[in-house]
Amino acid sequence: QVQLIESGGGLVQAGGSLRLSCAASGRTANTAVMGWFRQAPGKERFLVTHISRSGGGTYYADSVKGRFTNSRDIGKNTVYLQMNSLKPEDTAVYYCAARPFTATEYVYWGQGTQVTVSS
């Protein structure tokens with residue numbers, strides 16, 4: 001089993017920055033790929049970014065490219081999402097998720113952290 005604990009959400013003004021963290025514990029061998037999803041009220045949850053254990057193979061949704069940076073500290077079993085130039089449309093609950101490399105869907109999920117960007 002894997003536990004994912006997110007932190008770092010909050011309220012920020014448009015143009016500001018936040019950094020989210022997600023610490024994994026338990027069977028971290030099953031966290032080869034770690035992703036960040038977000039879900040805004042009334043909208044479907046979607047993948048914002050993911051990163052592999054090696055730090056390569058990083059993906060970003062078009063809506064966050066150039067503004068968000070995903071990084072990973074293998075020694076700490078932690079991933080970070082640096083969010084810059086935040087916009088009101090970035091307001092959502094952000095979820096950390098993890099899966100084994102060979103899995104096609106994310107298996108483990110964090111509890112979510114709220115990010116609110118005011119205009």
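Visitor: What makes K65 and D62 exposed rather than buried?

Guide: The label exposed needs over 50% relative accessible area. K65 and D62 both carry that label. Keep in mind that this is a predicted model.

Visitor: Why is the contact between K65 and D62 called a salt bridge?

Guide: The cut-off is 4 Å between a side-chain nitrogen of Lys or Arg and a carboxyl oxygen of Asp or Glu. For K65 and D62 the closest N and O atoms are 3.2 Å apart, so the pair qualifies under that 4 Å limit.

Visitor: How many salt bridges does a search of the whole structure find?

Guide: Three. Another one joins R67 and D90, with the closest N and O atoms 2.7 Å apart. R67 sits in the loop between β6 (59-60) and β7 (68-73), and D90 in the loop between β8 and β9, so this bridge ties together parts 23 residues apart in sequence.

Visitor: Why does R67 count as buried?

Guide: Buried means under 20% relative accessible area. R67 has 10% relative accessibility, so it counts as buried.

Visitor: And why does D90 count as buried?

Guide: D90 has 0% relative accessibility, so the same label, buried, applies to D90.

Visitor: Which salt bridge does R38 make?

Guide: The side chain of R38 meets that of D90, at 2.9 Å from N to O. R38 belongs to strand β4 (residues 33-39), while D90 is in the loop between β8 (78-83) and β9 (92-99). The two are 52 residues apart, and the pair links distant parts of the chain. Both R38 and D90 are buried.

Visitor: What links R38, R67 and D90?

Guide: A network of salt bridges. D90 pairs with R38 and also with R67.

Visitor: How many helices and strands does the protein have?

Guide: Zero helices and 11 strands.

Visitor: What share of the 119 residues counts as buried?

Guide: 45%.

Visitor: What part of the contacts with a separation of 6 or more comes from residues 24 or more positions apart?

Guide: Such residues account for 53% of them.

Conventions: Residues are numbered from 1 along each chain as its sequence is written. This is a predicted model: local features need pLDDT of at least 70, side-chain atom pairs count only at pLDDT 80 or more; totals for chains, interfaces and linings use all residues. Side-chain values use heavy atoms; hydrogens and water are left out. Helices (H or I, at least four residues) and strands (E, at least two) are DSSP runs, numbered from the N terminus. Buried means under 20% relative accessible area, exposed over 50%, partly exposed in between (1.4 Å probe, protein chains only). Contact means heavy atoms within 4.5 Å.
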